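I opened my notebook for a look through this structure. Here is what I looked up, entry by entry.

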Amino acid sequence: MRRSVAALALLAWASAQVSIPFWHTAGPPGNQVLEEAIQSFNASQKAYRLEARYVGDYREAGVKLLAALRAGGAPVLFHGELSFLPRLAQEGVALPLDAYLKDLPRDLYPEMLRTGQVKGRTFGLPLGLSVPALYYNKDAFRARGLKPPRSWPEVEEAAARLTGRTAKGMVVSTDIWSFNAIVMSLGGSLVKNGLPAFTSKEVVEALEMLYRMVQKGHAQARNLAEAQFAVADFLRTKAFMGLGPTTALPVVEAQTSLPFAVGLAPLPRREGGVVPLSGAALVVLKGASAEQVQGAVAFWLHFLEPKRQAAWVRTTWYLPLRKEAERELADFLKDPERQAVFAQAELGRPWSQDPELVVWYGYLEEALERSLKQGVKPQLALEEAQRKALAVEKRP
């Protein structure tokens, strides 16, 4: 009889909890920290229960979410890449959260919070934000008496000096994130006044620089489908420099032993240039109840606890979202290279807050590939991408 009463009590308690289906994109090594946070959140209170499921990387998760929104079965809480957020907000899929964010910790970095905003309203709660880094082979740099480049002309010079018969000085990618980082560092933008700006001065300048390095044989171009080969180029000393987010190195180190010392430097930047804050945010989707929204915000605040934030940063090399967490990271940030790269957060800006960019960027990536892998002149490739993007924009 006692067992029956206990079972009924347990069943009643479980049914009283607000269930929050949660799709996330955190793979190794960050999944361990996120999963611990989910478990500890569920155990720390009785009002809510997160039901978590890993749905692949950013792009895979986006495709699955769109399919679920059409067919049914979408989650309540989604861990989505930041460039996806404005589109979700524009189409009414993401719920505004400002009414639930009245008592936030005062030490949250305002610019990082802004990454989750669209036109001044909060639709996303930043979970992991990174800045770009210039990765380089320290052994190769020492052998040639080189210092980490501090400007883009110095990158070109280093790429030339590092290039040999069997290796290129740099590997460059035709994906939008890598290219946009360069454009922002030059003080430019891919979007101006809500329209594509693929032929603007800084965009053309960025592609012309990459084109020069490839045409001279100083850089190897890789497209998105060849991303694993871009990493392999660097690991197998077929290339000695490359751009990537701060989070790239922990992922590689979790999978393989590095055969050389890896250095990282801040993204070269012109005066007036900035660096992109990229990553992902928690998004509450339409159909969620007020209790489910409250539970999602409660989990986010649980995740922001300083010690947990510090564990997240140490594991993933995402930026700390709270000043208080930096006290827990004093030893981690003592490394001068790491400190210099993380300090770029002061110049960090959201990399994409334009809903239309997710419609246009395929044309830009196509232009980058045509120029860097097929030899089409940068201006011509970008003009074609601009025409295609504007044609989509004008459709009713």
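**Entry 1**

In which loop is Thr237 found? I looked it up in this predicted model: Thr237 sits in the loop between helix 10 (227-235) and strand 12. I checked its phi and got a value near 55°, which is positive in a residue other than glycine. I noted that most residues other than glycine have a negative phi, and most peptide bonds are trans. Thr237 has 34% relative accessibility, so I wrote it down as partly exposed.

Next I turned to Asn193, another residue that is not a glycine but has a positive phi, about 55°. I found Asn193 in the loop between strand 9 (191-192) and strand 10 (195-196). Its relative accessibility is 81%, so Asn193 counts as exposed.

I also came across a cis peptide bond between Pro28 and Pro29, with omega about 0°. Pro29 belongs to the loop between strand 1 (18-24) and helix 2.

**Entry 1: helix 16**

I then went to helix 16, residues 357-374. I counted 18 residues and a reach of 24 Å from first C-alpha to last, close to the expected 26 Å. Which of its residues are buried? My list reads Leu357, Trp360, Tyr361, Leu364, Glu365, Ala367, Leu368, Ser371 and Leu372. A handy reminder for me: an α-helix has 3.6 residues a turn, so residues three or four places apart point the same way. After helix 16 comes Gly375, with a positive phi near 85°.

**Entry 2: a helix pair**

How do helix 9 and helix 16 pack? I found an angle of about 30° and axes 9 Å apart. That angle is under 35 degrees, which makes helix 9 roughly parallel to helix 16. I noted the crossing of helix 9 and helix 16 as right-handed. Helix 9 brings Leu207, Leu210, Tyr211 and Val214 to the contact, and helix 16 brings Leu368, Ser371 and Leu372.

**Entry 3: helix 7**

In helix 7 (residues 152-162), I found Trp152, Val155, Glu156, Ala158, Ala159 and Leu162 buried. Their arc around the axis is only 165°, so they are on the same side of helix 7. I looked for what covers them, and found elements including helix 6 (138-143), helix 8 (176-185) and helix 9 (201-215).

Last, I checked Ser44, which lies in helix 2 (residues 30-44). Ser44 and His302 are 258 residues apart in sequence, yet their C-alpha atoms are 9.5 Å apart in space.

Terms used
Residues numbered from 1 in each chain as written. Predicted model: local features only at pLDDT ≥ 70, side-chain atom pairs only at ≥ 80, totals over all residues. Heavy atoms only, no water. Helix = DSSP H or I, 4+ residues; strand = E, 2+ residues; numbered from the N terminus. Expected span 1.5 Å × (residues − 1). Buried < 20%, exposed > 50% of the residue type's maximum accessible area, 1.4 Å probe, protein only. Arc of directions from axis to C-beta. Contact = heavy atoms within 4.5 Å. Axes fitted to C-alpha atoms, helices over the stretch in contact; angles between N-to-C directions. Parallel < 35°, antiparallel > 145°, perpendicular 65-115°, else oblique. Left-handed = near helix turned anticlockwise from the far one by under 90°.
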